[in-house]
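Student: Can we go through this one together? I would like to begin with helix packing.

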Amino acid sequence: MSERVVIIGGGIAGLAAAHELADRPGLTVTVLESSERLGGKLHTEPFGDLALDTGPDAFLARRPEAITLCRELGIDGELVSPNHGTAHLWSRGRLRRLPAGLMLGIPTDFIAVARSGILSIGGLLRAAVEPLLPGGTLQGDVALGALVRRRLGDEVHERLVDPLVGGINAGDTDQLGIRSVAPQLADLAASHRSLVIGSRRHRPPKAAPGQPLPPVFLTHPAGLGRIVEALDDRLTRAGVELRLASPVIGLARAHEGQGFSVETHRGVEHADRVIVATPAPVTARLLASIAPDAAGFFESIEHASVVLVALSYARGDFPEPLDGSGFLVPRGEGFLTTACSWVSSKWAHVEAGAPNRVLLRISAGRVGDERAMALDDAGLVARLASELGQLMNLTATPIETRVTRWPEAFPQFAPGHLDRVRAMKVVIGESIPGLALAGAALGGVGIPACIQSGRQAAAGLAALGNP
Ligand SMILES: Cc1cc2nc3c(=O)[nH]c(=O)nc-3n(C[C@H](O)[C@H](O)[C@H](O)COP(=O)(O)OP(=O)(O)OC[C@H]3O[C@@H](n4cnc5c(N)ncnc54)[C@H](O)[C@@H]3O)c2cc1C
């Protein structure tokens, strides 16, 4: 007899879980998704002549999970990498090009950092003595900010590491655990006393003559929603039931521990095995009665809200082509803007698709900064457009704008988070066999990490014997 697996949440983690299970014999798989569409934060919509990603717009190519998934879906050959590896940073009153040789903001080439003008002379000298400072290697997990401030000084932390790593997480790296948000740096710090020397040793190799560098980021020219479409097709063909507009409102163990009762507005249905792949606040509510400790853990995770604003301009408004992929703004500079992607110059397919337009994507909001969320759309667009005047001398009026709000979208990982996740998974595995958890709040917000968490949860459930 076949067993029924219900996956709650049709974001990339839940869909990756369904993909992992779809061809396993003896299982029937249902995905219950609360909204009218699959993909969760992966979403592409038309914007003028362009396909606009209103959430993530690329994934890290140095981890294998997203590329592997695209290969299995037959779309890996369509992926593209950005035109520019270089970005700018607002520092000391103007945009400055980020220097070469940064490892998540840790300098490896101090001459390049000096030329960039991002640090003051004092900040530069403080950072340059780092290889000489005493100290041990990293044990366990600590706040990224504490480690970087101690080793390289406040300026490297506030002007390089926090804008880069905090920016990706909409977080504050004085509060974020290094093992969750910068695992490569954590590994370096565990094996080298000096972050600078460790980073130098582990710099990605230079490209061989005539060979392009392997891409750091990839996307799909039709938008990342194309991955969701491909998953939808593949899962539908494999007989997975994908049920939209079906919020799960309750989860309980069935009588005598035989599986689970999953409650939606249409009634209660039975599942032999369940994967909960919802955002942490929802996961906390769903686990409240069957796993109160795990529910408490998910509830305790702080979240940051972000607003993404797309603005399209006439090409003629830009006398010079934008030279780079965009810019970052450190916290504490007074701007709502945290990052601005120069989409048309970053991606060749965007430039080719709308040669008469220039598309910018601004992110605003991070943990502890709700100013962007508090403004209405018109007020927010006006404020961000005026910030562009200051940040990049852009005074033209956008032709079209689109505001997308992502409340409570970015989980914030305190030091020790990954250990707590591991411990929670062991307890759940022992006490509630047949239940597995997935999603951004477990192993990281990046798309590859979410895919990994979904596939791992699914493989773990599939490996169980009969419940
Ligand atoms: C603006 C923005 C930019 C980003 N940029 C990048 C980037 O460039 N690169 C990158 O790698 N990552 C990026 N991220 C992070 C990444 O997009 C997310 O971490 C990831 O998509 C989360 O996937 P998930 O499946 O865990 O959660 P989600 O995508 O949130 O999916 C959860 C799903 O569960 C559904 N759900 C909720 N409640 C219920 C319920 N009761 N019953 C059933 N279903 C329910 C939701 O509707 C949703 O579809 C970005 C995120 C945002 C918001």
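Student: How are α2 and α19 oriented to each other?
Tutor: This is a predicted model. In it, α2 and α19 are roughly perpendicular to each other, because their angle of about 70° falls in the 65 to 115 degree range used for that term.

Student: Which residues make the contact?
Tutor: On the α2 side they are Glu65, Ala66, Leu69 and Glu72. From α19 come Ile447, Pro448, Ile451, Gln452 and Arg455. By type, the residues of this contact are five nonpolar, three charged and one polar.

Student: And how far apart are the axes?
Tutor: The axes of α2, residues 65-73, and α19, residues 447-463, are 7 Å apart.

Student: Now the ligand. How many residues surround it, and which are the closest?
Tutor: The ligand is surrounded by 33 residues, and the closest are Glu33, Lys41, Ala58, Val445 and Ile447. Ile447 also belongs to the contact of α19 with α2.

Student: What lies 2.7 Å from a ligand oxygen?
Tutor: A polar side-chain atom of Lys41. Backbone atoms take part too: a polar one of Val445 is 2.5 Å from an oxygen atom of the ligand, and a polar one of Ala440 is 2.9 Å from a ligand oxygen atom.

Student: Different topic. In which sense do β6 and β7 pair, parallel or antiparallel?
Tutor: Antiparallel, over four bridges, with β6 covering residues 88-91 and β7 residues 94-97.

Student: What is the bridge partner of Leu89?
Tutor: Arg96, in β7.

Student: Which residue in that hairpin takes a positive phi?
Tutor: Arg92, with phi near 50°. The hairpin has two residues between its strands.

Conventions: Residues are numbered from 1 along each chain as its sequence is written. This is a predicted model: local features need pLDDT of at least 70, side-chain atom pairs count only at pLDDT 80 or more; totals for chains, interfaces and linings use all residues. Side-chain values use heavy atoms; hydrogens and water are left out. Two strands pair if DSSP finds at least two bridges between them. Axes are lines fitted to C-alpha atoms, for helices over the stretch in contact, and angles run from 0 to 180 degrees between N-to-C directions. Angles under 35 degrees count as roughly parallel, over 145 as roughly antiparallel, 65 to 115 as roughly perpendicular and the rest as oblique. Contact means heavy atoms within 4.5 Å. Ala, Val, Leu, Ile, Met, Phe, Trp, Tyr, Cys and Pro count as nonpolar, Asp, Glu, Lys and Arg as charged, and the others, Gly among them, as polar. A residue is near a molecule or strand if one of its heavy atoms lies within 4 Å of it. A polar contact is a pair of N or O atoms within 3.5 Å; within protein, one must be able to donate a hydrogen and the other to accept it, and residues adjacent in sequence count only if both atoms are side-chain atoms.
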